[in-house]
Amino acid sequence: MKIFSIALVALLVAACSNSKMVAQKNYDKAVSNQEVSLEKEWVTYSRGACFGTCPNFEITIYTDGSALYRGKGNVPQIGTFFGQLTKVQIEELKESIKTNDIWNTPENLIDERLMDAPTLQLRVVEKSKVHHIKHHGPGAENVKAVERLIDEIINNLDLRIKEK
């Protein structure tokens with residue numbers, strides 16, 4: 001009876017491992033067959049986890065307006081999704097980065113005294129220049145203005161995984 005139980009457990013473990021591998025292969029296939037053109041990275045914005053229910057996600061917006069969204073926790077969509085910004089959204093984001101003087105904002109705005117605040121990161125790439133701002137808690141108002149716009153864009157984005 002003991003040998004039968006061990007064999008049954010081994011069989012179940014093998015079956016579960018195989019189904020996970022099949023699921024991963026299907027997911028990889030779905031992601032690789034996206035119609036969204038992932039061009040050069042332009043803006044990446046992420047919100048890290050906290051001890052509570054802080055939204056935890058990352059979005060990368062490419063120069064052609066395509067977007068890759070990764071919902072990690074406490075957001076409506078968990079997983080990897082693709083979307084496309086409108087021309088108006090692209091122009092609004094360009095203007096917001098310019099008018100909020102993101103390129104001249106200090107890169108490290110972390111307040112070490114805040115223990116349970118999520119880390120927010122905004123990275124902007126332009127040609128060979130990269131500006132990566134990290135903050136949590138109060139942060140800078142100009143950075144928050146850009147982040148609010150990106151949050152609004154995310155809320156209006158048609159996020160999807162599409163197979164060809």
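Is Cys54 buried or exposed? At 18% relative accessibility, Cys54 counts as buried, a term that means under 20% relative accessible area, with exposed meaning over 50% and partly exposed in between (1.4 Å probe, protein chains only). This is a predicted model, in which local features need pLDDT of at least 70 and side-chain atom pairs count only at pLDDT 80 or more, while totals for chains, interfaces and linings use all residues. Residues are numbered from 1 along each chain as its sequence is written, and side-chain values use heavy atoms, with hydrogens and water left out.

**Disulfide**

- Cys50 and Cys54 form a disulfide with sulfur atoms 2.0 Å apart; the rule requires a pair of cysteine sulfur atoms within 2.5 Å.
- The count by this rule is one disulfide.
- The torsion about the S-S bond of Cys50 and Cys54 is about 100°, so the disulfide is right-handed.
- Cys50 also counts as buried, at 19% relative accessibility.

**Largest pocket**

- A pocket is an open set of points on a 1 Å grid over the protein atoms alone, where a 1.4 Å probe fits, with protein on both sides within 12 Å along at least five of seven lines; lining residues have an atom within 4 Å of a point.
- The largest pocket is lined by 13 residues, and Trp42, Lys94, Val124, Val125 and Glu126 lie nearest its centre.

**Second largest pocket**

- The second largest pocket also has a lining of 13 residues, of which Tyr69, Val75, Pro76, Ile154 and Asn155 lie nearest its centre.
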